[in-house]
Amino acid sequence: MNKSIILLLVLINLIYICSARRLFTATSTTACCTTTGSTTITTYDTTTQFCCNGRVGTLPAGATGQCCGSNPLLTNQVCCNGVVQNAPNGESCCGTTLLAVGQSCCGGRSYNPESQKCCGDELVGNVISIDRDCCGTSGMTQGFTCCGGVGINPTTGQTCCGDETNGRSYNPSSQTCCSITTNNDDGTVDTRIQIASGVGTCCGLNSRVLDINQICCPSESVSDARIVSNSNNNLQCCGDEGYNPTTQSCCATEDASVTRVLTRSTDPTVNQECCVGTNKQLSLYNPSTQICCTDRGVAANLNERDGLTACCGSTAYDPKANQVCCQETLGCGDSCCARNAYWMDMMLCCDNTLIEIMGANWACCGKTYYNTETQVCCQGVPQMKLYDNGACCLDYHYNDAHYACCAPAVEVDTRKKDDKDDDKDKDDDKDKDDDKDKDDDDKPYNYVGKQYVKCGNSCCGNNGYFTEAATCCNSRLYETDPSSGFRCCDTSIFDPNSITELCCCDDAASDLTGVCDA
């Protein structure tokens, strides 16, 4: 801000309060007044007015300086859930009302404890209920068991499966209580219950218990465990299904998320093991004649050759014999460029395109190459290196010692017009597209970034400036002395140490007084 303007403001004794939208003319006793959850800002005189949740009014006698909603609290008043109540004898609140002498509070409602009972914030409304126990939000005869909010009479032979909140009654002489507890990520605990018919062992949350000729095989979800028939008593579990370990194998991924029962060879001399693929495909293989290709989970034959220790798709190969596997395609070289093998000391792989190396210090720049000693690469465009410490502004190389790149935050398309047209015409005849590509090579590149290079060491919106000579306030520039200590208040500038200036903000950027945080 120009110093002469600041001096003029002081001389004419004007005091400004800066908000997110405008300046307020005020006095030395003016303060900010904001509304909770709103960006509405106003001001008030602290000696004669009050501010309660954005409402400004005349300060009444006896005001305590506290608010109740949009109203000021006076001496001998209390705030009951946003409602002002007179409490000359120090009464307490119950909901939005006051408690009378001898009254108690139940879920925000007052009641007489001599004639009513409070159960779970609900009133049980008769004198007899006083002698009863609470079960959930209801009264329950003393001596009963509370189960899922319902009282159970112990003389009926019933008992509780679960607890007072989540429970069901059952008869233990003919039924079994099955429950599963799950610990949630947020620290809470969920309990699921099931009353299974019969007396015995539970299998997840099945509706019946296991008998002697069955096994319980857990699935990915414990509650969905399966009951598997085991009449010959020779099965074991493989995931949620049964298998015979004498004739079958159970293959599973490392995390056991996928399981599969596979039938082994009938030849007892053949040793078979599980081949687990990274794609979770499962199969069996003979380690003495095959290798497991883990990328696909299938076996590849060795064909009596030595050194075949790796797989390419379903083909075994020797990785030491100058071969590489590129997307399940074998080739000669030491590296891959998409599906093509190549030698890194002879070619470059630029955006999945192979380019023969023309000399030392060559590197990729988009789909082409450039000389790192004499050129720079800006957004896939090779350019001559004009500055030792230069930088890229989109597709343009510039001197960042004296200039700044003030490009917009949104993505800018820096391609040539013909390149954009090629995208639109990509479904046209291939020969026509090839002709366009040849024409593009002869046309100059659109250096879009050049228009965003501005003089300065920083940006203020789309303008450049030097930070030691100016301050940027929300895309608006002010000439300032770095030692002045001026700060921004939205698009305005002010002195935070001055008693004649105050910056008011909305709730998201201020303290409880509405004054902007540092």
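Tutor: Leaving out residues up to four places away in sequence, Thr 176 touches Tyr 170, Gln 194, Ile 195, Ala 196, Gly 198, Val 199, Gly 200, Cys 202 and Val 209. This is a predicted model, where local features need pLDDT of at least 70, side-chain atom pairs count only at pLDDT 80 or more, and totals for chains, interfaces and linings use all residues. Residues are numbered from 1 along each chain as its sequence is written, and side-chain values use heavy atoms, with hydrogens and water left out.

Student: Is Thr 176 buried or exposed?

Tutor: Buried means under 20% relative accessible area, exposed over 50%, and partly exposed in between (1.4 Å probe, protein chains only). Thr 176 has 11%, so it counts as buried. Its side chain also reaches the backbone oxygen of Gly 198 at 2.7 Å.

Student: Which strand is Thr 176 in?

Tutor: Strands are DSSP runs of E, at least two residues, numbered from the N terminus. Thr 176 sits in β23, residues 175-183.

Student: How many bridges join β9 to β10?

Tutor: Two strands pair if DSSP finds at least two bridges between them. Here four bridges join β9 (residues 77-80) to β10 (residues 83-86), and the strands run antiparallel. Val 78 has Gln 85 as its bridge partner in β10. The two strands make a hairpin with two residues between them, and Asn 81 in the turn has a positive phi of about 50°.

Student: What does the chain's pLDDT average?

Tutor: pLDDT is the predictor's confidence in each residue, from 0 to 100. The chain averages 80, and 80% of the residues score at least 70.

Terms used:
A polar contact is a pair of N or O atoms within 3.5 Å; within protein, one must be able to donate a hydrogen and the other to accept it, and residues adjacent in sequence count only if both atoms are side-chain atoms. Contact means heavy atoms within 4.5 Å.
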